[in-house]
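This report describes a protein chain for a reader who is new to structural analysis. Please keep the sequence and the structure in view while reading.

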Amino acid sequence: MTKRRLAAIVHADLAGFTRMMEGAETRTFRHLKAAQNEVWRPAIEAGSGRLVGTAGDAMLAEFGSAVSAVNAAIDIQERMARFNAALREEQRMLFRIGVHLGEVIVDQEDQNIFGDGVNLAARIQGIAEPGGIAVSRAVRDVTELRIDYAFIDGGDHGFKNVSRPVHVFHVRPASTPRGTLRFEGADSNGLPLAFEIGVGKLAGGAIVGRAADQCALVVAHPTVSRRHARLSLAGDALQIEDLGSTNGTEVDGRAVRSGLPAVFQPGSTIRLGDVKLAVLQV
């Protein structure tokens, strides 16, 4: 007997597992079991989730909500950081975690779960950084992170045996600057352009564009729209949102979709039309 239900699926895999087993099989197995029992099980239970199963270095869990799943994934990675602090560098266990919200098929006999939702969580896990978390857009759209974390747009990805692109976001600690941000750069002809704004002023949002009578931050360039983009502070995350500009907005080479804010930080490069600007903290 089987049934279907909506679930938030967490899939994890240990980066470099084969190499670690070849170098020290017994020790790696001991550390892996300790991580499962001392980190994974307590974190999943604390988040009201269920550890569905383990297979070698892989683990699968399900939760009743995307918020619970993401919070548990963060808890796991924070606990793993403390777990790894007691190990030598080559022994440290860095899990990749993928989270997806989707329908699953539940085997009533053993409560195992199957289906496209599980497969997508496993594919998304492969995009995550070692020690990191990646989530689908379905998860991102219904989850509000703790203020010390932020979603970083990872763009669309094509996966084997998945007919449609999957938009992926990385969950990373928020690094919020204080004081003043300076945006400086030039267009493709070398014309220098720059402006500054206090971080605190972004709490209510600030429009950047060509029209001095409509924008708090003016970039007088023909490829910049009159109202090009909005800069804002969401929790502790700096964001930029394209306002339907003619020539587009990018953050670190990735297009920013109209109506979908993207996170940036000092060190990022923002493109407004033909103008490239480095983000500096001063």
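Asp75 and Arg79 both belong to helix α3, which covers residues 66-84, and they stand four residues apart, about one turn of the helix. Helices here are DSSP runs of H or I with at least four residues, strands are runs of E with at least two, and both are numbered from the N terminus. Asp75 and Arg79 form a salt bridge in which the closest N and O atoms are 3.0 Å apart; the term denotes a side-chain nitrogen of Lys or Arg within 4 Å of a carboxyl oxygen of Asp or Glu. Arg79 counts as partly exposed because its relative accessibility is 22%. A residue is called buried under 20% relative accessible area, exposed over 50%, and partly exposed in between, with a 1.4 Å probe and protein chains only.

## Basis of the description

The model is predicted: local features need pLDDT of at least 70 and side-chain atom pairs count only at pLDDT 80 or more, whereas totals for chains, interfaces and linings use all residues. Residues are numbered from 1 along each chain as its sequence is written, and side-chain values use heavy atoms, with hydrogens and water left out.

## Other salt bridges

The structure holds 14 salt bridges. One of them joins Arg4 to Glu103, with 3.1 Å between the closest N and O atoms. Arg4 is in strand β1 (residues 2-14) and Glu103 in strand β4 (residues 95-107), so this pair ties together parts that lie 99 residues apart in sequence. Arg4 is exposed, at 55% relative accessible area, while Glu103 is partly exposed, at 46%.

A salt bridge also links the side chains of Arg137 and Asp141, at 3.5 Å from N to O. Arg137 is partly exposed, with a relative accessible area of 30%, and Asp141 is partly exposed as well, with 45%.

## A five-stranded sheet

Five strands make up an open sheet with mixed pairing, in the order β12-β11-β13-β14-β17. The edges are held by β12 (217-218) and β17 (262-264), each of which has a single partner strand, so one side of each is left without a neighbour in the sheet. Two strands are said to pair if DSSP finds at least two bridges between them. Strand β14 (residues 237-242) pairs with β17 in the antiparallel sense over three bridges. Within β17, Val263 is the bridge partner of Gln239.

Is His228 buried or exposed? His228 is buried, because its relative accessibility is 0%. This residue lies in the loop between β12 and β13 (229-234).

The side chains of His228 and Ser245 are joined by a polar contact of 3.3 Å. Such a contact is a pair of N or O atoms within 3.5 Å; within protein, one must be able to donate a hydrogen and the other to accept it, and residues adjacent in sequence count only if both atoms are side-chain atoms. Leaving aside residues up to four places away in sequence, His228 touches several others, including Val208, Thr223, Glu241, Leu243 and Leu272. Contact means heavy atoms within 4.5 Å.

## The chain as a whole

The chain has five helices and 19 strands. Its C-alpha trace spans about 65 × 45 × 30 Å along the principal axes. Of its 282 residues, 48% count as buried.
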